[in-house]
Amino acid sequence: MGEKLTRKDVEKIEEEIRYRKLVVRKEAIEAVKEARAQGDLSENFEYYAAKKDKNRNESRIRYLERMVKNAQIVSEVSKDDEVGLNNTVEIYFEEDDEVQRLKLVTSIRGNSLEGKISTESPLGKAILGHKKGDRVYIKVNDGYGYYVEIRSIDKTTDDGNDRIRSY
């Protein structure tokens, strides 16, 4: 079983694959040709750098194609009063006496620095499907966990500007 992706995730990945094949690949091949034309390859740093960039692009294309091929498509649809994928939730962390706004996303879009948490994370798994006002226990490991309260759920649709994380 592969990554859990939405249809939008798959579309964004396919768009990146097309761009890498049609634009980046051509630029990389041209850079290798230009560097090769400079002569002696044994001490030609530009040639090795261009070849490395070309190989990195090809590797990324293979990775993305494999991800799409093995993807498990998940729905963004959830009940109106429940936390679902691509919803922004306001959560009260009891232990820290702190409120945070977080967006639930698929694992490839997760970025805690931008307030986007994966539905595969302990917090994401725990609050998915819960309702406003629910107090939820987040189990982090065998001996530790904490409680949060869901304060609000924003169902505003995804604006499409989320980037797919590069590895």
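**Figure 1. Aspartate 97 in the loop between E3 and E4.** At a relative accessibility of 58%, aspartate 97 counts as exposed, because the cut-off for that class is over 50%. The model shown here and in the other views is predicted. Aspartate 97 lies in the loop that runs between E3 and E4. Its phi is near 50°, which is a positive value in a residue other than glycine. Leucine 64 is 33 residues from aspartate 97 in sequence, and the C-alpha atoms of the two are 41 Å apart in space.

**Figure 2. Leucine 64 and its contacts.** Leucine 64 belongs to helix H2, which covers residues 45–69. The residue is buried, its relative accessible area being 0%. When neighbours within four places in sequence are left aside, leucine 64 is in contact with Ile13, Glu16, Ile17 and Arg20.

**Figure 3. Helix H1 and its kink.** H1 runs over residues 7–36 and has 30 residues. From its first C-alpha to its last, H1 reaches 42 Å, close to the 44 Å expected at 1.5 Å a residue. The helix has a kink of about 40°, centred on arginine 20.

**Figure 4. The five-stranded sheet.** Five strands form an open sheet with mixed pairing, in the order E5-E4-E3-E7-E6. Strand E5 (116–118) and E6 stand at the edges with a single partner strand each, so one side of each has no neighbour in the sheet. On average, neighbouring strands of this sheet are turned by 45° against each other, direction ignored. E3 and E4 pair in the antiparallel sense over six bridges. In this region, phenylalanine 93 stands opposite glutamate 98 in E4.

**Figure 5. The E6–E7 hairpin.** Strand E6 (residues 135–141) and strand E7 (residues 144–154) run antiparallel and are joined by six bridges. A hairpin of two residues connects E6 to E7. Asparagine 141 has tyrosine 144 in E7 as its bridge partner.

Figure 6. Threonine 88 is found in strand E3. At 18% relative accessibility, threonine 88 counts as buried, because buried means under 20%. Apart from neighbours within four places in sequence, threonine 88 is in contact with Arg101, Leu102, Lys103, Ser152, Ile153 and Asp154. Asparagine 86 sits in the loop between E2 and E3. This asparagine is buried, with a relative accessible area of 6%. Phi of asparagine 86 is near 65°, a positive value in a residue other than glycine.

**Figure 7. A salt bridge between arginine 135 and glutamate 94.** The side chains of arginine 135 and glutamate 94 meet in a salt bridge of 2.7 Å, N to O. This pair links distant parts of the chain, 41 residues apart: arginine 135 is in strand E6, and glutamate 94 is in the loop between strand E3 (88–93) and strand E4 (98–105). Glutamate 94 counts as partly exposed, at 28% relative accessibility.

**Figure 8. Two further salt bridges.** The count for the model comes to twelve salt bridges. In one of them, lysine 116 pairs with glutamate 114, and the closest N and O atoms are 3.3 Å apart. Lysine 116 is buried, with a relative accessible area of 13%, whereas glutamate 114 is partly exposed at 43%. Arginine 151 also forms a salt bridge, with glutamate 149, and here the closest N and O atoms are 3.5 Å apart. Arginine 151 is partly exposed, with a relative accessible area of 32%. Glutamate 149 likewise counts as partly exposed, at 26% relative accessibility.

How values were computed. Residues numbered from 1 in each chain as written. Predicted model: local features only at pLDDT ≥ 70, side-chain atom pairs only at ≥ 80, totals over all residues. Heavy atoms only, no water. Helix = DSSP H or I, 4+ residues; strand = E, 2+ residues; numbered from the N terminus. Buried < 20%, exposed > 50% of the residue type's maximum accessible area, 1.4 Å probe, protein only. Contact = heavy atoms within 4.5 Å. Pairing = 2+ DSSP bridges. Expected span 1.5 Å × (residues − 1). Bend = angle between axes of the 7 residues up to and from the residue. Salt bridge = Lys/Arg side-chain N within 4 Å of Asp/Glu carboxyl O. Axes fitted to C-alpha atoms, helices over the stretch in contact; angles between N-to-C directions.
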